[in-house]
Amino acid sequence: MAAPSKKAQPPCLYSFESPDALSTGLAAFCIAAQDAALEKGTNFKIAISGGSLPKVLGQDLIGREGVQWDKWEVFFADERVVPLDHPDSNYASVNEHLFSKVPIPKKNIHVIDVSLLDNPEAVADEYEKQMIATFVGSNAIAFPRFDLILLGVGPDGHTCSLFPGHPLLEEMDGWVAYLDDSPKPPPIRITLTYPVLNHAYRVAFVATGAGKQEILQKALDRPEEGLPCSRVKVISPGLTYWFADNAATELVQYGRTKFEGSFKL
């Protein structure tokens, strides 16, 4: 297989009439990504963020035909360095809205080592080792290639735990990094880095509601401003997608792509 080029393709924007329609479309997209992954491998490697994303993701995916839950290998695009049952835990949120309702094997869900909570650098290092064990095998690779990474976007344009003006925006070597000065509580977190995001086969942002109008306009119409979410530029043959509802895209001039309800990636 030829090595991917360094050039990123323009993002693909899907805008839906309602959050319910978005959830239905996102479920179809996840299944298509799963099927594409299983055509070339034995499992579907996905990374998921927290926030409002787990609820949107779980709404239509639970009970959907065609989901091969035993093939899903799940990581977190970022995580708060807190116990797994803590209200701030991304795992706890995804577990509430998705994992606890589907037959996904617990061994396939990669969580932080809570015995290391007092040492966030060690938490990040251990989580990176989990990724290495999953992705590397007998091959030497510079960065993992997730089949799908699902992300949200904050009102300041942050994604994962990559915040405007933060030094981690320039991290280009590690797979997983830690920060102890997040401008949004809780302060101590780990996050995937840009090289990992940009080497994925697919990255999909999910945003709903009128409260996201301004940030989506900046992210899609003025990417040169360099918001953290705009700096996700998946290298070819990968692609960046935006799943949003019409309320969130009302101010966006960027071109929409018609979402086909049934498709193959």
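This note goes through the cysteines, the aromatic rings and the charges over rings in a predicted model.

1. **Ground rules.** Residues are numbered from 1 along each chain as its sequence is written. In this predicted model, local features need pLDDT of at least 70, side-chain atom pairs count only at pLDDT 80 or more, and totals for chains, interfaces and linings use all residues, while side-chain values use heavy atoms, with hydrogens and water left out.

2. **Disulfides.** A disulfide is a covalent bond between the sulfur atoms of two cysteines. The test here is a pair of cysteine sulfur atoms within 2.5 Å. The structure has zero disulfides. Take C12: its nearest cysteine sulfur belongs to C30 and is 14 Å away. For C160, the nearest cysteine sulfur is that of C229, at 11 Å.

3. Are C12 and C160 buried or exposed? Buried means under 20% relative accessible area, exposed means over 50%, and partly exposed lies in between (1.4 Å probe, protein chains only). C12 counts as buried because its relative accessibility is 11%. C160 counts as buried because its value is 6%.

4. **Aromatic pairs.** A pair of aromatic rings is described by the distance of the centres and the angle of the planes. Rings of Phe, Tyr and Trp (its six-membered ring) pair if their centres lie within 6.5 Å; planes under 30 degrees apart are stacked, over 60 edge-to-face, and the rest tilted. The count comes to 18 aromatic pairs.

5. **F44 and W72.** This pair is edge-to-face, with 5.0 Å between centres and 80° between planes. It links distant parts of the chain: F44 is in strand β2 (residues 44-48), W72 is in strand β3 (residues 72-76), and they are 28 residues apart. Helices (H or I, at least four residues) and strands (E, at least two) are DSSP runs, numbered from the N terminus. F44 is buried, at 0% relative accessibility. W72 is buried too, at 0%.

6. **F76 and Y91.** Here is another edge-to-face pair: 6.2 Å centre to centre, 75° between the planes. F76 lies in strand β3 and Y91 in helix α3 (residues 90-97), 15 residues apart. Both residues are buried.

7. **A cluster.** Which residues form one aromatic cluster? They are Y14, F16, F29, Y241, F243 and F259.

8. **Charges over rings.** The rule: NZ of Lys or CZ of Arg is within 6 Å of the ring centre and within 35 degrees of the ring normal. The charged end of K45 sits over the ring of F135, 5.6 Å from its centre. R145 lies over the face of Y201, 4.0 Å from the ring centre.
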